[in-house]
Amino acid sequence: MKKSNPSIKAQIVRSAFYLLLLLGICAIPFALAQRSFDGRTTSATSFKQTQRTLTFVDRVAYQRAIEDVYWRYRIWPKENAKPKPSLDEVMSAAQIEKKVEDYLRDSQALEVYSQTPIAPEQLQAEMERMARNTKTAGGTAGTV
């Protein structure tokens, strides 16, 4: 039977210990993130503390970004020999502001009708529904 060198065994044990320690340290942020997102630490007060009210200017900027994504993924017909124009050429800032005003008015009407504000969970569920029902780039969604 071979005798192993005690210094090699000690080095292997030490390396294994350092590896486990490193893995444990790396797992802490993930465990904390999971804990904060699985509902155990979420409360009405923590939501109110993190909730942010968007200004009209913020909403217009976000809507512009959304419209830009829509426009980039819109397929330009092959029959149209002209190059695809930029979003600014087809949609003005006033049109984007009007969309934001319409969305705000619709949200207010829904809140008045349901007699409760729209909850973040409802918005998340709607975004997930939309994502599920959106066709991929290979589909027909976004064609002109």
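The structure is a predicted model, in which local features require pLDDT of at least 70 and side-chain atom pairs count only at pLDDT 80 or more, while totals for chains, interfaces and linings use all residues. Residues are numbered from 1 along each chain as its sequence is written, and side-chain values use heavy atoms, with hydrogens and water left out. The protein chain contains 6 helices and 0 strands, where helices (H or I, at least four residues) and strands (E, at least two) are DSSP runs numbered from the N terminus.

**Overall fold**
- Read from the N terminus, the order of elements is α-α-α-α-α-α.
- Of the 144 residues in the protein chain, 6% are buried; buried denotes under 20% relative accessible area, exposed over 50%, and partly exposed the range in between, with a 1.4 Å probe and protein chains only.

**Largest pocket**
- The volume of the largest pocket is about 1,700 Å³.
- A pocket is an open set of points on a 1 Å grid over the protein atoms alone, where a 1.4 Å probe fits and protein lies on both sides within 12 Å along at least five of seven lines; lining residues have an atom within 4 Å of a point.
- Grid points are joined across faces, edges and corners, and the volume is the space filled by probe spheres set on the points.
- The lining comprises 33 residues, of which Leu 54, Arg 59, Ser 107, Ile 118 and Leu 123 are the closest to the pocket centre.
- Helices H3 (56-73), H5 (93-114) and H6 (120-133) each contribute at least two lining residues, and H5 provides the largest share, with 10 residues.
- By class, the lining divides into 16 nonpolar, 9 polar and 8 charged residues; Ala, Val, Leu, Ile, Met, Phe, Trp, Tyr, Cys and Pro count as nonpolar, Asp, Glu, Lys and Arg as charged, and the others, Gly among them, as polar.

**Aromatic pair and charge over a ring**
- Trp 71 is buried, at 15% relative accessible area, whereas Trp 76 is partly exposed, at 26%.
- Lys 84 sits over the face of Trp 71, 4.9 Å from the ring centre; the criterion is NZ of Lys or CZ of Arg within 6 Å of the ring centre and within 35 degrees of the ring normal.

- The 22 residues of H5 should span 32 Å at 1.5 Å a residue, which agrees with the 32 Å between its end C-alpha atoms; the expected span is 1.5 Å times one less than the number of residues.
- Glu 97 belongs to H5 and is partly exposed, with 35% relative accessible area.
- The C-alpha atoms of Glu 97 and Phe 56 are 8.7 Å apart, although 41 residues separate them along the chain.
- Ala 94 is also part of H5 and is exposed, at 52% relative accessibility.
- Ala 94 and Val 60 are 34 residues apart in sequence, with 9.7 Å between their C-alpha atoms.
- Gln 115 lies in the loop between H5 and H6 and is exposed, with a relative accessible area of 70%.
- Gln 115 has a positive phi of about 60° although it is not a glycine.
- Most residues other than glycine have a negative phi.
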